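Visitor: Hello! Could you show me how to read a protein structure, one feature at a time?
Guide: Gladly. Let us look at it together.

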Amino acid sequence: MMKCRLLLLTLLLAVTAGRATAQRCLPGMKGVRISADLVDGFRLPADGNGAGYAFSLAFFNYVKGGDKWEYGVEYMMKDYPYRKGGVPLEQYTAGAGYFLNLLSSPGKVFFLNAGLSGVIGYEEVNGGRRTLYDGATLPQCGAFVYGCSATLEAEVFITDNIAAAARLRGRALWGGASGVFHCLYGVSLKYVF
């Protein structure tokens, strides 16, 4: 009877003592991230101010100290106001960058990261057509773009393998018709293998 009580007490202590914190962001761990962003502020398409959004898919690999390399692709769409309508601009880009772990909580639940990435891609204005709906002609309807992106990201692990993040990015791309700088902010969901 005493052995049974001792075993039961040991089991209770093991269950109630808490579990070890998860092993997160260790060198060699890999994962995937999907993101949805708003481009250059929040605007509704109906107000004529130019709505924009972006979606991205990236793969990442953790290295020493919680830092990571990230490689991904992104689709961005922005509607530029023109007379009574809008002129759509689409960018298809790929990038690679390094993210530094600036801050992490003791239990490895919250992380604050900053990253710098190189970006290349293709930009298409008005669906690749030079003539607009009113007969005006665009000087350029497609071009290759190149540049860089700076990102600030706050992420929280929901489970041992799934994290949600809020992101703020500034992209500087040259070679296109849409201007050099775009600000993107949004949310992402990560899965670590």
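Visitor: How many bridges join strand β1 to β8?
Guide: Strands are DSSP runs (E, at least two residues), numbered from the N terminus, and two strands pair if DSSP finds at least two bridges between them. Here β1 (residues 30–39) and β8 run antiparallel, joined by nine bridges. For instance, Arg33 has Lys190 in β8 as its bridge partner. A word on the source: this is a predicted model, where local features need pLDDT of at least 70 and side-chain atom pairs count only at pLDDT 80 or more, while totals for chains, interfaces and linings use all residues. Residues are numbered from 1 along each chain as its sequence is written, and side-chain values use heavy atoms, leaving out hydrogens and water.

Visitor: Which strand pairs with β8 over eleven bridges?
Guide: That is β7 (residues 162–174), again in the antiparallel sense. Six residues lie between β7 and β8 in this hairpin, and Gly175 in the turn has a positive phi of about 100°.

Visitor: Which residues make up the largest nonpolar core?
Guide: A nonpolar core is a set of buried Ala, Val, Leu, Ile, Met, Phe, Trp, Tyr and Cys residues joined through side-chain atoms within 4.5 Å. The largest has nine residues: Val39, Ala54, Met76, Val87, Leu89, Val125, Leu132, Leu138 and Leu184.

Terms used: Buried < 20%, exposed > 50% of the residue type's maximum accessible area, 1.4 Å probe, protein only. Helix = DSSP H or I, 4+ residues; strand = E, 2+ residues; numbered from the N terminus.
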